[in-house]
Amino acid sequence: MASRSRDSVKREPPSQLKVRHAIPLTRDTQGIYSLALSGDGHQLIVGFGNGAIQAVDPDVGKPLRDLFSGGVSRQATTGLCFHPTDNSHLIAVGAEGTVAVYNTQTATCVTSFTEEENQLYAVDISADGSTFATAGRNRGIKIYDARNNQNNKILTGSWVARNALQIWDFRKTTPEKSVVFPSDLDHGEFIYSARYCTGDTVIAGGSGTNSAQAVNIKTDAVLGEIKLHQHPVHVVATTMDGHVVAVGGGRGNLHVGYLE
């Protein structure tokens with residue numbers, strides 16, 4: 001049977017954000033600090049405050065095996081990303097400056113190294129998988145096997161009370177647009193994590209609302225909200241079509257949802 005190409009099917013912009021599963025995990029007390037969804041949306045990897053890394057089945061909401069068990073002396077796994085053309089390989093970074101590559105099928109660490117005297121907070125990889133970048137406490141971005149980035153639009157979420165969610169043209173020094181992120185006057189926005197879901201839709205969350213919200217950046221319409229109630233959202237992850245969305249934060253609170 002011929003495979004269905006997502007590029008060949010014109011989809012209507014999503015209009016709602018819904019929850020598919022709320023998934024309790026044994027390490028929820030450690031807090032969730034990073035999430036990664038594979039390109040096909042069938043693998044979800046969770047990074048915890050004690051450094052542990054665990055696989056979850058987002059289709060049925062079932063916890064799976066550990067890639068790394070963490071420990072009481074370990075710091076948080078702060079960033080995760082899948083290789084874009086090989087869903088069996090994952091890059092993880094941590095607050096101890098560690099960079100590790102895991103095989104998600106065998107649950108083994110393929111290679112690892114440390115960025116000395118740095119706490120890493122984020123990692124991302126280029127569309128062809130040839131380049132990945134890390135960023136951390138030293139306020140620098142380190143690029144490994146760097147090539148030119150052809151995408152001029154960058155989405156940022158900042159820990160500020162107002163105008164926290166913005167779109168930039170990285171060739172300029174001012175934001176192109178501040179995206180509406182509803183919050184009350186007493187608590188503000190204070191965003192920890194933001195991602196594109198589709199070309200017109202973003203999802204972001206933080207400690208101001210203790211929730212993640214999906215927003216259409218052209219109409220400023222809020223498509224829905226996943227609430228963690230008394231706990232902040234630390235991280236959001238999504239497939240590029242919004243078919244699978246994951247949200248996690250304080251006390252774990254892993255939720256898997258979708259846009260429709």
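## Strands and cores in a predicted model

An open sheet is formed by 4 strands in the order S2-S3-S4-S5, with antiparallel pairing. Strand S2 (32-37) and strand S5 (62-68) stand at the edges with a single partner strand each, so one side of each has no neighbour in the sheet. From one strand to the next, the twist averages 25 degrees. The model described here is predicted.

Within this sheet, strand S3 (residues 44-48) runs antiparallel to strand S4 (residues 53-57), and 4 bridges join the two. Val46 has Gln54 in S4 as its bridge partner.

Another part of the structure is built around strand S21. This strand (residues 245-249) has 5 of its 5 residues buried, so it is largely enclosed by the rest of the structure. In a regular strand, side chains alternate between the two faces of the sheet. In S21 both faces are covered: Val245, Val247 and Gly249 are buried on one side, and Ala246 and Gly248 are buried on the other.

S21 pairs with strand S20 (residues 233-238) in the antiparallel sense, through 5 bridges. Here Ala237 stands opposite Ala246 in S21. S21 also pairs with strand S22 (residues 252-259), again antiparallel, over 4 bridges. The bridge partner of Val247 in S22 is His255.

Nonpolar side chains in soluble globular proteins tend to be buried together. The largest nonpolar core in this model has 16 residues, and those with the most contacts inside it are Leu25, Ile32, Leu35, Leu44, Val46, Val56 and Leu254. Elements giving two or more residues to this core are S2, S3, S20 and S22.

Which residues is Val56 in contact with, leaving aside its neighbours within four places in sequence? They are Ile23, Leu25, Gln43, Leu44, Val46, Lys62, Pro63, Leu64 and Leu254. Among these, Leu25, Leu44, Val46 and Leu254 are also listed with Val56 as residues with the most contacts inside the largest core.

Note on methods:
Residues numbered from 1 in each chain as written. Predicted model: local features only at pLDDT ≥ 70, side-chain atom pairs only at ≥ 80, totals over all residues. Heavy atoms only, no water. Pairing = 2+ DSSP bridges. Axes fitted to C-alpha atoms, helices over the stretch in contact; angles between N-to-C directions. Buried < 20%, exposed > 50% of the residue type's maximum accessible area, 1.4 Å probe, protein only. Core = buried A, V, L, I, M, F, W, Y, C linked by side-chain atoms within 4.5 Å. Contact = heavy atoms within 4.5 Å.
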